[in-house]
Amino acid sequence: MTGMEARGDAELKKELDATLHARKELGEEYESALVDSFLEKVEQRFDGVVDRRVRRQLAEQQMVVARGSRSPQSTDSWGERFGFGIVSLVLAIPLSGIGGGVAGLPGLLVAWGGIVGVNVVQAARLYPDFFGRRKGKSASDWED
């Protein structure tokens, strides 16, 4: 949370306290107007936060386009690949226990087949050339 957002939240808290205090003093006949006023302030706060986030995201996208590189969301970093591998190994432990405990060796083989399958699909997505699919290969390359 940025300082600006924290300051806005403190202001909204003060507004809520003031609205509740005014409701106690003015009574139930003004409750609807007080609630509407407070909700309008919340809506303005929300709109401001959304506007800032949208402007920031658009600026980031414009920077990416100006640099001529891929967008940050589409890059596959080493950390992402490493994390995927670690998560698949950590999940392999309970899957192996469940598969082996319930169905014995066939269950263990099915569990590890699934783990290997998920990792092969991830590797094929990241490295399409690794599995023998060369870019630019046409149907005529197979004819001899």
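N119 is partly exposed, with a relative accessible area of 27%. Partly exposed is the range between buried, under 20% relative accessible area, and exposed, over 50%, with a 1.4 Å probe and protein chains only. Before I go on: this is a predicted model, where local features need pLDDT of at least 70, side-chain atom pairs count only at pLDDT 80 or more, and totals for chains, interfaces and linings use all residues. Residues are numbered from 1 along each chain as its sequence is written, and side-chain values use heavy atoms, with hydrogens and water left out.

Back to N119. It sits in helix 3, residues 78-126. Helices here are DSSP runs of H or I, at least four residues, and strands are runs of E, at least two, numbered from the N terminus.

What does N119 touch, not counting residues up to four places away in sequence? F84 and S88. Contact means heavy atoms within 4.5 Å. The C-alpha atoms of N119 and G85 are 7.7 Å apart, yet 34 residues separate the two along the chain.

Take S88 next. S88 is in helix 3 too. Buried or exposed? S88 is buried, at a relative accessible area of 13%. Leaving aside neighbours within four places in sequence, S88 contacts I115 and N119. Both S88 and I115 are among the buried residues of helix 3, a list that also includes A92, G99 and L126.

How far does helix 3 span between its end C-alpha atoms? Only 11 Å. A straight helix of 49 residues would span 72 Å at 1.5 Å a residue, the expected span being 1.5 Å times one less than the number of residues. Look at A103: helix 3 has a kink of about 150° there, shortly before the proline P106. The bend is the angle between axes fitted to the seven residues ending at a residue and the seven starting there.

Last, the whole chain. It has 3 helices and 0 strands. Of its 144 residues, 13% count as buried.
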